[in-house]
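Hello,

Here is the structure you will be working with. Please look it over first; my notes on what was found follow below.

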Amino acid sequence: SIEISMYSDALHQCNDLLALYRENCSRLQQQITQLRQLAPKEDVAALFKQLEEEKLEHAKKRCSLAIEREKLQMVESEATVLRKQLEREKATFENALRSPVLKERGGAGEQRTLYPRVTVKASTNTGDPQTSAGRNEYQDAARTLHGKDVKTKA
């Protein structure tokens with residue numbers, strides 16, 4: 001009798017579970033029907049086709065983006081090389097520009113020592129360093145010192 005009551009309780013519990021299962025199944029079937037009504041099969045197929053096309057376009061764009069990225073990296077490396085070359089040329093130019101300035105500064109001391117010699121020589125030859133003969137000798141000496149035409153103050 002205890003066994004029969006236990007089986008009877010188990011049977012009632014199974015029937016209750018079966019009823020809950022059927023209820024859940026019918027609820028899920030209603031939801032599926034509602035979803036199918038919202039999105040017919042043709043629309044879903046069209047959406048999947050559109051999704052595949054978008055994936056293909058995305059892959060093409062990714063490929064073109066990779067190509068453009070490589071081009072950009074090449075341009076950036078070329079710009080870096082050109083920037084370094086410009087810096088080297090600028091440094092070379094500045095060094096070349098400083099070199100004559102230093103020579104002229106160094107030459108100024110020679111000019112100062114040369115001027116009294118030319119003045120003495122000119123004064124012995126012409127008597128006056130301010131005369132045209134004295135100036136010409138000074139200009140000749142300055143030309144030989146610097147290798148260019150130098151004008152003196154009259």
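The count of disulfides comes to 0, a disulfide being a pair of cysteine sulfur atoms within 2.5 Å. Cysteine 14 counts as partly exposed, at 48% relative accessibility. Cysteine 25 is partly exposed as well, at 27%. For these labels, buried means under 20% relative accessible area, exposed means over 50%, and partly exposed lies in between (1.4 Å probe, protein chains only).

Some background on how to read the values. This is a predicted model, in which local features need pLDDT of at least 70 and side-chain atom pairs count only at pLDDT 80 or more, while totals for chains, interfaces and linings use all residues. Residues are numbered from 1 along each chain as its sequence is written, and side-chain values use heavy atoms, with hydrogens and water left out.

Overall make-up

The protein chain has 3 helices and 0 strands, and from the N terminus on its elements run α-α-α. Helices (H or I, at least four residues) and strands (E, at least two) are DSSP runs, numbered from the N terminus. Of the 154 residues in the chain, 7% are buried. The chain exposes about 13600 Å², and carbon and sulfur atoms supply 59% of that area. Accessible areas come from the Shrake-Rupley method with a 1.4 Å probe; for residues, only the protein chains shown count as cover. Among contacts between residues at least 6 apart in sequence, 29% join residues at least 24 apart, where contact means heavy atoms within 4.5 Å.

Salt bridges

The structure holds 4 salt bridges. The term stands for a side-chain nitrogen of Lys or Arg within 4 Å of a carboxyl oxygen of Asp or Glu.

- Glutamate 23 pairs with arginine 27, and their closest N and O atoms are 3.1 Å apart. Glutamate 23 is partly exposed, with a relative accessible area of 43%, and arginine 27 is partly exposed at 40%.
- Glutamate 52 pairs with lysine 55, with 4.0 Å between the closest N and O atoms. Because they are 3 residues apart in helix α2, glutamate 52 and lysine 55 are separated by about one helical turn. Glutamate 52 has a relative accessible area of 48% and is partly exposed; lysine 55 is partly exposed with a value of 48%.
- Glutamate 94 pairs with arginine 98, the closest N and O atoms being 3.7 Å apart. This pair lies 4 residues apart in helix α2, which means a separation of about one helical turn. Glutamate 94 is partly exposed at 32% relative accessible area, and arginine 98 counts as partly exposed at 46%.

Surface patch

Which residues make the nonpolar surface patch of about 250 Å²? Val44, Phe48 and Leu51 do. Patches are made of residues with over 30% relative accessible area and no salt bridge; like charges are joined within 9 Å, and nonpolar side chains (Val, Leu, Ile, Met, Phe, Trp, Tyr) within 5 Å. Valine 44 sits in helix α2 (residues 41-125). At 31% relative accessibility, valine 44 counts as partly exposed.

Regards
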